Amino acid sequence: MGISREEKELLKKQNEEIKRQQQLIREQYNKMLIDEDNRRKQPKLAPDNVYISLQNINKVYDNYVQAVFDFNLDIQEHELIVFVGPSGCGKSTTLRMVAGLEEITTGDLYIDGVYCNEKTAKERDIAMVFQNYALYPHMTVYENLAFGLQTRKYSKEEIDERVKRAAEILQITEYLQRRPKELSGGQMQRVALGRAIVREAKVFLMDEPLSNLDAKLRVSMRSEIINLHKKINATTIYVTHDQTEAMTMASRIVVMKKGYVQQIGTPEEVYAHPANTFVATFIGAPAMNLVECDYNDGRLIFENGFEIALDKEHKAAHDEFYRQRIAETQKLIDEKDYEKPDMNVLLTLHREKFSLKKLIAKIFGKKQQPVKIKTPQDRLEELQALLDEYKKCLDGGHRVIFGIRPEDIYENTEIPSAVRRSQALSLNVSLAELLGSEYHIHMQLGGHEIIAKCKVTRHIPDNSDFGLVFDLNKLHLFDTIGTKAIL
Amino acid sequence: MRKLKRVNKRVLIQTVIITVIVLIAALLCIFPFYWMILTAVKNHDLINQGTVDLVTFDLTWESFKAVFGYNGGLIWRAYLNSFIIAIVQTLGTLFTSSLAAFAFAKIKFKGSKPIYGLFIATLMIPGQVTMLPLFMMFAKIGWTNSFLPLIVPSVMINTYGVFMLRSFIVSIPSGLLEASEVDGCGWFRKYFKIILPLIKPALITLGLFSFIGSWNNYMGHLIYLSDPKLTTIPLFIAGMKETHMTGAAWGRIMAASTLSIVPIAIIYLFCQKYFVQGIATTGMK
Amino acid sequence: MKHIFKKLSMLAVAAVMCCSLAACGKGGGTDKDGNVIVQMSLMNSTNENPGWLAMIDAANGVLERDGEKVRIEAEIIMTDSWDQYYTKVTSNILGKIGGTIGRIAESHMPQMVNKNQIADLTEVRNALVETGEYAADAFEGVAVKDGKYYGLPSGTQHMVLYYNKTIFDEYNKAHPEAPVDYPSGDWNNASTFEEIRETAKKLTSGSGASKKFGLSAGPYLAYAGMYAKNSGGDNIFNADGECVIATKPFYDVYEWFEDMLITDKSMPSTSDTQTLDAMARFLGGNIAMIIDGVWQIHDICKYTGDSEIGVAAIPVAASGNVSYSTTFADRFWASRNSPHLKEDKIALKALMSAEAITALSSKQIGGFPVREDCVNNYLSSIESTKLAGYVDVIKGGMAHKVSVPYSTYYNIVDQQINQKMATWINGDMSTKAFVDFMDETMKKGMAGKL
């Protein structure tokens, strides 16, 4: 009732399209599994000079949801790699795939030269620390520590020696005869770490071990883990959602978002040269300031009229960036990438499952929400529009995102010599937060809020004017279309 | 100071009232057992009087002697047989039920939900419906007049046990199993070292139910056991009760009943300790 | 992993051992002399076992003497009611295990016949009756269907009125001005309902748990026929097969009960008998008179201590009425599924031999034997008991017999009536309404509506 004929036609067409794409996805999935099986039968050669190698790792669940997309990483021995990202980005899933607790859908995993996809967790010789410790409640601390060794049939003396040694390192010797429920959070965490240490395993995997602790304990445990790593020097993969932990602990950071790797690099690299806006705002606190502005032939023009002139290198980098984008997009069009099914279809596959609500709605003839889905024709048009966008960016003026970290904004009075000054700018202070030794100054620039970090030299009242300069050595530009970094 | 006194007094009265109520309830529960034991040691004439003496000192061991002497000490044979059946059945059922419950609760295999649903559906079938077909089946394969039909079906599948244990196992955090996986445990090691210790209270409860059910299973024993050598406690007591009940038999029957619950009472006393211990140990945070 | 399998295999071995221990002891088949073993199902009873076992021994002697390759073995079934016993027998027959012949109460015979569980024994009956040594009418009754005989009588037991003479004597000593007479032992001139009512009232004393009652005569359907006939009525069904419960004789009988149960309270009610049954009270000397069967003779002799016991005839409505006694004739049966039916029939014939019946009746078990020449044997065995002086009274009860009209629906009708009985006894239902209910239920049962 109440649905016009045109709407019905539209609905019908959409449903057909959905079905076709669902079928495509199913076929793709099955094909992927078969290919993977065939691939696995071939002999594997581990890459040398790399301790842990993850090559093209994908994780797709039975309900066609993909959690990890094309994860590639080479880890050297004794490194402490940190996977960091917001919840649901696939970092834990990747860790569990390395551990052997999850099946690797496609891709290869090598640990210490051994192809490990088919190996059980025991055979991989890894040790894991869980977020909620997972201590065996019916065993004492001693037995908890000894359990893994007993399973591997070590002698009693060996077990005793190792357990005592690990207990000493972690200072839990006096708790050895207690049960987990008699321990505090921090002690339990140490026991969980101890379980990993006694094993003297090749790889340590830690899944957000500090998330359940209070802030102060977290800080102290963080340094303990770092010291532990220095002492034991095991290859460690550490998963966290806290960027501070990532920055302080990692030898290298892997930033992930929604299953995709955003950037891999050392803390310095990730901090100083973020690959896209996500990494830029994720790493560093307070986050990098992002302001939209116009770019025209080497000049950045802000909405309040403020201008920054870019030097020749920057301009060249900018042009190069867009040329690459154009080439990429053209390649996608040429390779008919638009015929791939729309990932939104996955959502419909979920909704397809029997639901009582839907049935009732159908019976009562309520209007069904049409699912927005893109046909290949739509996608082709999208890609072509994208191509045109990029061409426009290359040729004429376009919007860009200007990024600058708070500490790279200086007051227009005392400026260190290393700073390459931009032109001065005066903005109104909306809020000046005093943090003791420094100020966080909130201001508005072109409709965006920016924060500047300044040393305390004088009292800065709210609503006063603040003269500032940007450090042009440290500026970042991001593309509005794909949010990637131009520089 | 005055307020403290008043509060204490109120708490005291409350405690007293609650204690009295609980005491009355306890007495109501214990009284049948007390009466049974009393009748078992009463003098025969007194029993036939039919008076309700709560306490009497006119006691005799005659009834117990009669029970032990009945059919030349048949009661020991009955005990032995009852024990064998009950213990083998209980241990077997605990083992298979916990294995199945573990599989249903923690192992993801295709069709686990439908199969489990089927299991639970069979719980709705009353025992009387299956009793006759089972008997015919066992008669055909010649298992009558033996303990097998009383032990094997329960050991093979005990749906109630699987249901109860599965609920218990589901509450064990999967993190424990993952940690044990990393520690290198295979499925059986996980079962023996981690699951079994953690479900001790449920196991003991199930074991007790199973044991008592088997111990008191008069109908099953009646139709499957014919040989007097295979007599069990329920059959023994029924045989003692006889038809045309005469007064003299009551003392004997009470004595036999008392003797029949003695093993269960002992087991229960022991299990109580483990039961409480079990809950205290796991105390999952 | 290895030592888990060790544990498992040990458990399995233990289980197998227990099972093999249990599986041995399969009876039946043939013994080492080549005799076919016929197992006989008997209900367990400390009193009666010696009688039946003696009968089996004697029958085995007869079989050996006659050169038959058949021997009988007893299968004593440990149950406490005929219903449970019947369940066991049913499962035995169904599963072709256990006893292939046996004895069962008359009440369950119709079911066995109707459910095709038992074999046709007409040829055995004919062979026995032709000898002329057996009372032909003993074979008639519930075990006959379509002219075929499915059961052989194991003896007839009837009802009498037992009374505790000591209680009577004590009362008479205390009330010399108005003594009570002993109930009459003359079946042609029995005590009337009125007399018994008065006697019962006088002999009732005390209250509560230590109350002594004057009479116990359970107003059950099985005995109703006897009382009705004693009132000049029919035994539930008239000559045309119609149910005549809702007629004057029955009303009279149940009004007599009402007088005693509800008005005088000289009879124990259902709640009283639940705490301690009537026979137990009688044995304890707490009931003066009880109407019960001759199967109680053994216990009455053994457990009444020093009290003297007398036997009298069943009361009648008016003096001059003949006194009838309800009889119960249990039956021997043979399983239809037996693998050796021929041998079963030979065994049954041996059980009906003079030697076997003599052995049985000598122990006062089984009631009046079906062979005339063994009747005196039975009666003389009573001569050596406390009731020696009342052998004639007991014998007299067999002169006017009334049997219970058992049928396939009888047990259900009985059950339903018993359930309503408490309502009537509590006074929540009038006697007439109760008797009408009995009539209605019986008619429903006949029509198959239960």
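Biologist: Which of the two pairs of chains in contact shares the most contacts?
Modeller: Chains B and C do, of the two pairs in contact. Two residues are in contact if their C-beta atoms, placed from the backbone, lie within 7 Å. This is a predicted model, in which local features need pLDDT of at least 70, side-chain atom pairs count only at pLDDT 80 or more, and totals for chains, interfaces and linings use all residues. Residues are numbered from 1 along each chain as its sequence is written, while chains are lettered from A and ligands numbered from 1 in the order in which they are written.

Biologist: What is said of chain A and chain C?
Modeller: No contact joins them, and their closest C-alpha atoms lie 10 Å apart.

Biologist: What makes up the side of chain A that touches chain B?
Modeller: On chain A 18 residues are in contact with 18 residues of chain B. Helix H3 (121–124), strand E6 (126–129) and helix H4 (141–151) of chain A each supply at least two residues of that side. Helices (H or I, at least four residues) and strands (E, at least two) are DSSP runs, numbered from the N terminus. By class, the side of chain A that touches chain B has 11 nonpolar, four polar and three charged residues. Ala, Val, Leu, Ile, Met, Phe, Trp, Tyr, Cys and Pro count as nonpolar, Asp, Glu, Lys and Arg as charged, and the others, Gly among them, as polar.

Biologist: Why are strand E11 and strand E12 of chain A said to pair?
Modeller: Strands pair if DSSP finds at least two bridges between them, and E11 (289–296) and E12 (299–301) of chain A have three, so they pair, in the antiparallel sense. A:Asn296 stands opposite A:Arg299 in E12(A).

Biologist: What makes strand E13 and strand E20 of chain A edge strands?
Modeller: The open sheet has five strands, in the order E13-E12-E11-E14-E20 of chain A, with antiparallel pairing. Strand E13 (307–309) and strand E20 (476–479) of chain A each pair on one side only, which makes them the edge strands. From one strand to the next the twist averages 40 degrees, where axes are lines fitted to C-alpha atoms (for helices over the stretch in contact) and angles run from 0 to 180 degrees between N-to-C directions.

Biologist: How many bridges join strand E16 of chain A to E19(A)?
Modeller: Four bridges join strand E16 (425–434) of chain A to E19(A), and the two run antiparallel. A:Ser426 stands opposite A:Gly467 in E19(A). Strand E15 (409–411) of chain A also pairs with strand E19 (465–470) of chain A, over three antiparallel bridges.

Biologist: How is chain C divided?
Modeller: Domain 1 of chain C takes 36–157 + 329–398 and domain 2 takes 158–326 + 403–446; such bounds come from an automatic or database domain assignment. The centres of these two domains of chain C, taken over C-alpha atoms, are 29 Å apart. In domain 1 of chain C, 24 residues are in contact with 23 residues of domain 2 of chain C. H4(C) gives the most to that side of domain 1, with four residues.
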